[in-house]
Amino acid sequence: MPKRDEMAKNRWLSPVAGTIARSELWRFTRRSVPRGVALGVFAAFIIPLGQTLLAVALALPSRANLPLAAVTTLITNPFTVAFWAIVAHKLGQFVLKVDAGMSGTANEHIQSTWFQEFAQWAEIAGVAAFGFVILAVVGAAIGYVLASFIWRFVVARKWGSRPAKFKSPQPAE
């Protein structure tokens, strides 16, 4: 991941260099970390190509952590995209109940082979696209909640491991 200063000096990013270089987008805070994770997961599932650019574009106005938004888009990569496509198709079939709704007189009237093949391909693609939308929304919500809990757990452990002289005094009974 390039550093903030390197991105600000890049000639391709010069129109948005001031926005990208804002320090609040690069800090790891209690609010920016879950936002970055959620936006990265959302962008990873909502479009197949250019998801990192989408995650960065969504992170700018929402003040999410920019590096986390970009890194969490790697959930969908060339090695895992086939797995996620199958999961999205199965999820879309389950939610839409496609198999139950496909029998009837409408299918009997369509006799052309090329039209049947096209309709079958369009059905599979549409069901998978709907599954990807569900994965994007539900995955973003789960990512946000999970990142919030992990953040709180890590901070609580750090506070618990502090030396006794830095801890707040306990009230006397």
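**View 1. Phe-45, Phe-83 and Trp-84 make up one aromatic cluster.** The model is predicted: local features need pLDDT of at least 70 and side-chain atom pairs count only at pLDDT 80 or more, while totals for chains, interfaces and linings use all residues. Residues are numbered from 1 along each chain as its sequence is written, and side-chain values use heavy atoms, with hydrogens and water left out. Rings of Phe, Tyr and Trp (its six-membered ring) pair if their centres lie within 6.5 Å; planes under 30 degrees apart are stacked, over 60 edge-to-face, and the rest tilted. By this rule there are 2 aromatic pairs.

**View 2. The pair of Phe-45 and Trp-84 is edge-to-face.** The ring centres of Phe-45 and Trp-84 are 4.9 Å apart, with the planes at 75°. Phe-45 belongs to helix α3 (residues 32–46) and Trp-84 to helix α6 (residues 81–96), so the pair ties together parts 39 residues apart in sequence. Helices (H or I, at least four residues) and strands (E, at least two) are DSSP runs, numbered from the N terminus. Phe-45 and Trp-84 are both buried. Buried means under 20% relative accessible area, exposed over 50%, and partly exposed in between (1.4 Å probe, protein chains only).

**View 3. The pair of Phe-83 and Trp-84 is edge-to-face.** Centres of the Phe-83 and Trp-84 rings lie 5.0 Å apart, and the planes are at 65°. Phe-83 has a relative accessible area of 49% and is therefore partly exposed.

**View 4. Ile-86 is located in helix α6.** Ile-86 counts as exposed because its relative accessibility is 54%. Between Ile-86 and Gly-131 the C-alpha to C-alpha distance is 9.3 Å, and the two are 45 residues apart in sequence.
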